[in-house]
Amino acid sequence: MRTLLITGPGGSGRTTVAAATAVAAAGAGTRTLLLTTDRTDTLTPVLGTDAVPGLTTRRLDPATGFRDDLAALQDRAASALDLLGASRLDPEELTPLPGAEELALLRALRDAALTEAYDLLVVDLPPTPRALDLLALPGELRRYLRRLLPPERQAARALRPVLGRLAGVPLPAEWLYETAARWDVELGAAEAVLADPGTSVRLVAEPGPAGADAVRTAALGLALRGLRTDLLIASRVLPESVEDTWLAAPVAQQRKVLEEWRETHRVHPVPHLGRDPRGTDDLTALALPGAGTTPARVEWPVTDRLADDGVLVWHIPLPGAHRDELDLIRRGDELTVTAGPFRRIVPLPSALRRCTVDGAALREGELRIRFRPDPRLWPRTS
């Protein structure tokens, strides 16, 4: 199944673009599921009341999933809660905590990928800063779980009481490891959807100074996450054929930004209808493409320059990055890369784990990190 993740700065029209993309895909005969994360129903006014054959829409309800998860957690921890004399929370008194919406969306991504009912999943993500945090969530949470509760350190069930007495402290309960393992599987499934070759991000922005800054920041954050952008949707583009009126300056400004965007992105302009799009007729008039072609996979290659310079070079594409906003920290077999407001911890490729960092340079939107083989770890050749 192909997955399109739609995001952009607030007020850029990303929900309209998501709806128009889903309508175009369904009109072409693609079985399409449109997911929205808005707490208020902004999708219904955009789509209107007309049914679209082949299109299913769904608005997530994070409250239901949160209640189910907490009820299951209380059941697993029943003995510990009884020992502490704690009283359980009733489902009626539970309200979603921060993060419940993001976890509900990740679960929906996983469930949609497992079904064969749809050919295309279109996701109306939150505005770009929140969307980038959400897309990073599965990998970050899995890393935390494995550091706090490493599966390989889970003792055999028969030895746990003995080990507990020897250590002098109670070992983590079995249910805690089981819960961590279940979460790891669910997060891994969501992470697999994001890493799937059929998944890409479609950016939406209005061509202008604010939109240009937002696209530059979003492109950097997506590149650091290794996510592909299939299109940059330029929303609310004014017609070029305007006479000498007050619209001439905005049109010239949009033209300048569009020219800059076309140098680095595949741009699809969407015309300004002179009103807020409402209903399938307006969405069709926007002439947005459906699924489109799958963009090329983002590669972080390692090049061998041992013969010439005695180093291996790791190439990390970071378009729009600035030298003074970059930071690198190596910790064991992991590298922490900070680019502007974004940070990602990535495992080193196996060959680089036996090397020391020899330096780094930012050239033509690409971070090139040099690694020199560690004589203590690198196999010697005769």
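Figure 1. Asp327 stands opposite Thr338 in β11. This is a predicted model. Leu328 likewise has a facing residue in β11, Val337. Strand β10 covers residues 326-331 and strand β11 covers residues 334-339. They run antiparallel and are joined by six bridges. Two residues lie between β10 and β11, and the strands form a hairpin. In its turn, Gly332 has a positive phi of about 65°.

Figure 2. Strand β12 spans residues 342-347. Six bridges tie β12 to β11, and the two strands run antiparallel. Ala339 has Phe342 of β12 as its bridge partner. Two residues separate the strands in this hairpin. Gly340 takes a positive phi here, near 60°.

**Figure 3. The three-stranded sheet.** This open sheet has the order β10-β11-β12, with antiparallel pairing. Its edge strands are β10 and β12, and each pairs on one side only. Neighbouring strands are turned against each other by 15° on average, direction ignored. Helix α9 lies across β11 and β12. The helix runs at about 15° to β12.

**Figure 4. The seven-stranded sheet.** The strands of this open sheet follow the order β3-β2-β4-β1-β5-β6-β7, and the pairing is parallel. β3 (55-59) and β7 (267-271) stand at the edges with a single partner strand each, so one side of each has no neighbour in the sheet. From one strand to the next, the twist averages 20°. Helix α1, residues 14-27, packs on the sheet. α1 touches β1 (2-7), β2 (32-36), β3, β4 (120-124), β5 and β6. The direction of α1 makes about 165° with that of β4.

Figure 5. β5 is formed by residues 199-205 and β6 by residues 229-237. The two strands run parallel, joined by five bridges. Val204 has Ile233 in β6 as its bridge partner. Helix α9, residues 209-224, lies across both β5 and β6. Relative to β5, α9 runs at about 165°. α9 also lies across β11 and β12.

**Figure 6. The crossing of helices α5 and α6.** α5 spans residues 100-114, and α6 spans residues 128-148. Their axes come within 10 Å and cross at roughly 70°. The two helices are therefore roughly perpendicular to each other. On the α5 side, the contact is made by Glu101, Glu102, Leu103, Leu105 and Leu106. On the α6 side, the residues are Arg130, Leu134, Leu137, Pro138 and Leu141. By class, the contact has seven nonpolar and three charged residues, with no polar ones.

**Figure 7. The largest pocket.** The largest pocket has a volume of about 1,000 Å³. Its lining comprises 28 residues. Closest to the centre are Glu191, Arg344, Ile345, Val346 and Pro347. The elements giving two or more residues to the lining are α6, α8 (174-195) and β12. Helix α6 provides the largest share, nine residues. By class, the lining has 13 nonpolar, 13 charged and two polar residues.

Technical notes: Residues are numbered from 1 along each chain as its sequence is written. This is a predicted model: local features need pLDDT of at least 70, side-chain atom pairs count only at pLDDT 80 or more; totals for chains, interfaces and linings use all residues. Side-chain values use heavy atoms; hydrogens and water are left out. Axes are lines fitted to C-alpha atoms, for helices over the stretch in contact, and angles run from 0 to 180 degrees between N-to-C directions. Helices (H or I, at least four residues) and strands (E, at least two) are DSSP runs, numbered from the N terminus. Angles under 35 degrees count as roughly parallel, over 145 as roughly antiparallel, 65 to 115 as roughly perpendicular and the rest as oblique. Contact means heavy atoms within 4.5 Å. Ala, Val, Leu, Ile, Met, Phe, Trp, Tyr, Cys and Pro count as nonpolar, Asp, Glu, Lys and Arg as charged, and the others, Gly among them, as polar. Two strands pair if DSSP finds at least two bridges between them. On a 1 Å grid over the protein atoms alone, a cavity is a set of points where a 1.4 Å probe fits but cannot get out, and a pocket is an open set with protein on both sides within 12 Å along at least five of seven lines; lining residues have an atom within 4 Å of a point. Grid points are joined across faces, edges and corners, and a volume is the space filled by probe spheres set on the points.
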